[in-house]
Amino acid sequence: MSVGILLMTHESVGKALISAAHHVLPKLPLQVEAVEVPPQADPDVMRTLTARHARSLDSGDGVLVLADLYGATPCNIGLSLSALGVRLRCVSGLNLPMLLRVLNYAEKPLDELAEIAASGGRGGIFIDHA
């Protein structure tokens, strides 16, 4: 068994990150899906759709939700899934280094993967010294 990864993003972000991850890791070691929330989407409809995705990703070890922006609709929908009985952890600030770090530690349990995701996201940010 393993943790499922659910990307909760605004339009076009999630699928692009999955595509980029495939470029680096042609065979992804964890099941990864993206739910991209369109601008005028009904949050209740999206929550129902997202709950189905999350349940299909959960093989018993839970789901790690990686959201693009804390407080935005995709993140809020992801956070609401726990009230629907989905065992999850949610990390916001999604970027490619975060996703790749998670995929490189596929054997880790859910709580540890959440910490790895946050660390990977922060660690992938650099400022030039010019």
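A: Start with strand β1. Six of its seven residues are buried, so β1 is largely enclosed by the rest of the structure. Buried means under 20% relative accessible area; exposed means over 50%, and partly exposed lies in between (1.4 Å probe, protein chains only). The names also need a rule: helices (H or I, at least four residues) and strands (E, at least two) are DSSP runs, numbered from the N terminus.

A word on the model. It is predicted, so local features need pLDDT of at least 70 and side-chain atom pairs count only at pLDDT 80 or more, while totals for chains, interfaces and linings use all residues. Residues are numbered from 1 along each chain as its sequence is written, and side-chain values use heavy atoms, with hydrogens and water left out.

Now the partners of β1. Two strands pair if DSSP finds at least two bridges between them. On one side, β1 (residues 4–10) pairs with β3 (residues 63–67) in the parallel sense, over five bridges. Look for G4, which stands opposite V63 in β3. Further along, M8 has A67 of β3 as its bridge partner. The other pairing is with β2: six bridges join β1 to β2, and the two run parallel. Here L7 has A34 of β2 as its bridge partner, and H10 stands opposite V37 of β2.

Step back to the whole sheet. It is open, has four strands in the order β2-β1-β3-β4, and its pairing is parallel. The edges are β2 (32–37) and β4 (88–92); each has a single partner strand, so one side of each is left without a neighbour in the sheet. From one strand to the next, the twist averages 20°.

M46 is found in helix α2. M46 counts as buried, at 8% relative accessibility. Leave aside its neighbours within four places in sequence, and M46 is in contact with V35, E36, V37, P38, A41 and I77. Contact means heavy atoms within 4.5 Å.

In α3 (residues 73–80), the buried residues are P74, C75, I77, G78 and S80. What covers them includes our strand β1, along with β2, α2 (43–57), β3 and β4.

Next, see what lies across the other end of the strand order. Helix α5 (residues 110–123) lies across β3 and β4, and runs at about 5° to β4. Axes are lines fitted to C-alpha atoms, for helices over the stretch in contact, and angles run from 0 to 180 degrees between N-to-C directions.

Helix α5 also meets α4. Their axes come within 7 Å and cross at roughly 140°. The two helices are therefore oblique to each other. Angles under 35 degrees count as roughly parallel, over 145 as roughly antiparallel, 65 to 115 as roughly perpendicular and the rest as oblique. In this contact, P97, M98, R101 and V102 of α4 meet L113, I116, A117, S119, G120 and G121 of α5. By class, the contact has six nonpolar, three polar and one charged residues. Ala, Val, Leu, Ile, Met, Phe, Trp, Tyr, Cys and Pro count as nonpolar; Asp, Glu, Lys and Arg as charged; the others, Gly among them, as polar.

Finally, α4 meets α1. Helix α1 (residues 13–24) packs against α4 (residues 96–104) at an angle of about 55°, with the axes 10 Å apart. That makes α1 oblique to α4. From α1 come L17, I18, A20, A21 and V24; from α4 come L96, L99, L100 and L103. These residues divide into nine nonpolar, no polar and no charged.

S19 is partly exposed, with a relative accessible area of 47%.
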